[in-house]
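Hi,

Here is the structure I promised to pass on to you. Have a look at it first, and then read on for what I found in it.

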Amino acid sequence: MRKTAIYRDNLFLAHNPGSDHPESPQRLRVIFDELDKEEVGSRFVYPQFEPASPAVIELNHSPELIKRVAATTGKEHAYLDGDTRTSTDSYDAACLAVGALIDGIRRLESGEIDNGFCLVRPPGHHAEHDQSMGFCLFNNVAVAARWAQEKQEKKRIMIVDWDLHHGNGTQHSFYDTDQVLYCSTHQYPYYPGSGAVIQTGNAVGEGFTINVPLPGGQGDAEFARIFNQLFTPVAREYRPELILVSCGFDIYDGDPLGAMKVTPAGFAYMTRVMQQLADKLCGGKLLITLEGGYNLTGMRDGAMAVLGELCGEPFTGYGLDLSAIKPLQTTEVECSPLMQSISMQKNYWQL
């Protein structure tokens, strides 16, 4: 069984955008409740970790943005944009969320852990250089990738984003570089409106952004085909030194904000592909971080599917049909908009 780290802290529950907001603390609480069961939680390790400093967050964000978010400390309610609300402890939670990913990368590099899942809030992939948006305060995965570039001299980092929504902030952070390969599946056109297939990078970054915009209704087989026929061969060419995943459970079949049809078997399979690629290409260095997901059953069952694959011993129950995972390896699905996106993207891919 692998040494899988879980990054959790009750401070992530203290970030409270309001009782009417979909990005509620209950999203994490349902996962924490499962981890509190001895037969579940005993499979994992739980490192101690520190919040990221403003200087570290500045690797990807402007000082002005950090000051705006910090100014919400102690305020019961504040708005950073129309969708992005904060509470008394939101700034501290956001700093700790970034710190979780950085600690995970550091421990992966030292060999203290084999892989990890950062169960953090607030999410991050929409946050731009100078703007919090889309429920996101700081871009957790982007800051962590910048840190790995600066402190560990990583030259090739792969970020896979399977959230329902396109990670505009992550894409923009690395659009002009070939040192980060950003691969995203997302419902399109949908919030935030970016992520068209023709958005492939700029200058030396041309071809190192891969967007697979989907119309909605795609399930396990369609996502498996994307991972099998596009992300896997591209990763093998790119040969990343580190793989990061922005994991959104809002592609779950039944999420109130989306129209995807992914089941726990689909989440397990995508995680399995990512782990196999990490094992083959970068010494197993795989770190997953939580983004969206607004159906509480989907949050719980999806997280258990991901964690079972990370530690190497899948959980039974949680809506997971283990017999459905293996056939996804060779799945063939007719999906014209999907395959059009893939064939167009292959034409753009240049190394």
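Let me start with a charge and a ring: the charged end of R8 sits over the ring of F32, 4.2 Å from the ring centre. R43 does likewise with F315, lying over its face at 3.9 Å from the ring centre. Please keep in mind that this is a predicted model.

On to the aromatic pairs, of which the count comes to 10. In one of them, the ring centres of Y91 and F138 are 6.3 Å apart and the planes stand at 80 degrees; an angle over 60 counts as edge-to-face, so that is what this pair is. The two residues come from distant parts of the chain, 47 residues apart: Y91 belongs to helix α6, while F138 is in the loop between β4 (115-118) and α7 (140-151). Y91 and F138 are both buried.

Another edge-to-face pair is made by F135 and Y294, with 6.0 Å from centre to centre and 85 degrees between the planes. Here the partners are 159 residues apart, F135 being in the loop between β4 and α7 and Y294 in the loop between β9 (286-290) and α11. F135 has a relative accessibility of 15%, so it counts as buried. Y294 is buried as well, its relative accessible area being 13%. There is also an aromatic cluster, formed by Y7, F12 and F49.

The largest nonpolar core has 107 residues, and the members that touch the most others are L35, F117, F138, W162, F267 and M274. Helix α6 (residues 90-110) supplies the largest share of this core, with 11 residues. If you click on F267 and skip its neighbours within four places in sequence, you will find it in contact with W162, G248, F249, I251, Y252, V262, G302, A305 and V306.

Last comes helix α11, residues 296-311. At 1.5 Å a residue, its 16 residues should span 22 Å, and the end C-alpha atoms are 23 Å apart, which agrees. Most of α11 is covered, as 13 of its 16 residues are buried. At the start of the helix, a side-chain oxygen of N295 comes within 2.9 Å of the backbone nitrogen of T297. After α11 comes G312, with a positive phi near 90 degrees.

Terms used. Residues numbered from 1 in each chain as written. Predicted model: local features only at pLDDT ≥ 70, side-chain atom pairs only at ≥ 80, totals over all residues. Heavy atoms only, no water. Helix = DSSP H or I, 4+ residues; strand = E, 2+ residues; numbered from the N terminus. Expected span 1.5 Å × (residues − 1). Buried < 20%, exposed > 50% of the residue type's maximum accessible area, 1.4 Å probe, protein only. Polar contact = N/O pair within 3.5 Å; in protein donor to acceptor, adjacent residues only side chain to side chain. Core = buried A, V, L, I, M, F, W, Y, C linked by side-chain atoms within 4.5 Å. Contact = heavy atoms within 4.5 Å. Phe/Tyr/Trp six-rings, centres within 6.5 Å; stacked < 30°, edge-to-face > 60°. Lys NZ or Arg CZ within 6 Å of the ring centre and 35° of its normal.
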